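Me: I have a model open and I'd like to learn how to read it feature by feature. Can you walk me through it?

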Amino acid sequence: MSAEAELHVRNGKRRGMIAPIHGDDFRIGRSSDCQLSVPDERMSRVHARISQRDSQFFIDDLGSKSGVRLNGQTITSGQLYHKDLIVLGDTEIEFRAENIERYSVAPDAPTHDDATRIAAKPPQIIKLSRDDGGYNPRSRPLGSLGVPPYVPRPDSWRISAPPALLIVGLIVMVATFVAVVVALSG
């Protein structure tokens with residue numbers, strides 16, 4: 001069975017390590033019994049669990065002292081999406097899905113091209129303050145905060161007003177222009 005997702009360790013003693021997620025119960029912690037064992041003093045022996053339910057991945061805090069941070073927010077449980085940043089203790093881990101569309105795009109989103117996709121995650125509220133550890137805008141790629149950049153669809157350029165209304169509007173504009181020209185010349 002091949003893994004549908006992987007964890008990429010971004011810092012610390014295991015930096016660069018890639019751990020494929022296999023099975024329904026993937027544990028992360030200091031213990032050698034964990035599927036991803038990380039020597040981090042701030043991490044609990046069994047810190048968190050990643051599970052797969054209904055073709056979706058979830059992370060759960062298993063009662064750790066330092067908690068689980070998902071994309072900058074402390075959580076006890078949460079759904080994982082492609083390129084999510086998980087912080088356990090002092091260790092940063094990035095979740096990457098092999099089937100990116102399954103974990104980053106709503107199932108009913110239009111499939112015209114990448115510019116018109118709709119992100120599945122609700123937008124995150126970002127607080128910019130000095131005491132929250134700071135916000136680094138380069139830590140996540142554009143559109144990964146759950147809000148895709150606005151790109152108009154080709155069909156949005158069509159005029160949808162009834163033709164009679166357009167003709168009336170054009171007549172009003174021409175009459176106004178003529179009235180202004182007559183008033184200025186006379």
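Me: Let's start with burial. What percentage of the 186 residues of the protein count as buried?

Reply: For burial, the cut-off is under 20% relative accessible area. In this protein, 31% of the 186 residues count as buried. Keep in mind that the model is predicted. As for the surface, the protein exposes about 12,500 Å², and carbon and sulfur atoms supply 57% of that.

Me: How many helices and strands are there in the protein?

Reply: You'll find two helices and eleven strands. Reading from the N terminus, the order is β-β-β-β-β-β-β-β-β-β-β-α-α. For contacts between residues at least 6 apart in sequence, 37% join residues at least 24 apart.

Me: Now the strands. What is the order of strands in the open sheet of five?

Reply: The general idea: strands of a sheet pair through backbone hydrogen bonds, either parallel or antiparallel. Here, the open sheet has the order β4-β3-β5-β6-β9, with mixed pairing. Its edge strands are β4 (36-37) and β9, each of which pairs on one side only.

Me: Which residues are bridge partners between β3 and β5?

Reply: Start with the strands themselves: β3 (residues 26-29) and β5 (residues 48-53) run antiparallel and are joined by three bridges. Among the partners, R27 goes with R49 in β5, and F26 goes with I50, also in β5. Now follow I50 across to β6, where its bridge partner is I59.

Me: How many bridges do β5 and β6 pair over?

Reply: Six, in the antiparallel sense. These two strands form a hairpin with two residues between them, and D54 in that hairpin takes a positive phi near 50°.

Me: What about H82, where is that?

Reply: H82 is in the loop between β9 and β10. Its relative accessible area is 16%, so H82 is buried. The side chain of H82 reaches the backbone nitrogen of A97 at 3.1 Å. For a look across the sequence, take the C-alpha atoms of H82 and A5: they are separated by 8.6 Å, while the two residues are 77 apart along the chain.

Me: Let's do a serine next. Where does S64 sit, and what does its side chain reach?

Reply: Begin with the place: S64 is in the loop between β6 (56-61) and β7 (68-70). The side chain of S64 reaches the backbone nitrogen of G67 at 3.1 Å. There is also a polar contact of 2.8 Å between the side chains of S64 and D61.

Me: Why does S64 count as buried?

Reply: S64 counts as buried because its relative accessibility is 12%, and the cut-off is under 20%.

Me: Last one: which residues form the nonpolar patch on the surface?

Reply: The patch is made of L170, M173, V174, F177, V178, V181 and V182. Together they have about 680 Å² of accessible area. Take V182 as a worked case: its place is in helix α2 (residues 163-185). V182 counts as exposed because its relative accessibility is 53%, and the cut-off for exposed is over 50%.

Key:
Residues numbered from 1 in each chain as written. Predicted model: local features only at pLDDT ≥ 70, side-chain atom pairs only at ≥ 80, totals over all residues. Heavy atoms only, no water. Helix = DSSP H or I, 4+ residues; strand = E, 2+ residues; numbered from the N terminus. Buried < 20%, exposed > 50% of the residue type's maximum accessible area, 1.4 Å probe, protein only. Polar contact = N/O pair within 3.5 Å; in protein donor to acceptor, adjacent residues only side chain to side chain. Contact = heavy atoms within 4.5 Å. Areas by Shrake-Rupley, 256 points an atom, 1.4 Å probe, with all protein chains shown as cover. Patch = residues over 30% accessible without salt bridge, like charges linked within 9 Å, V, L, I, M, F, W, Y side chains within 5 Å. Salt bridge = Lys/Arg side-chain N within 4 Å of Asp/Glu carboxyl O. Pairing = 2+ DSSP bridges.
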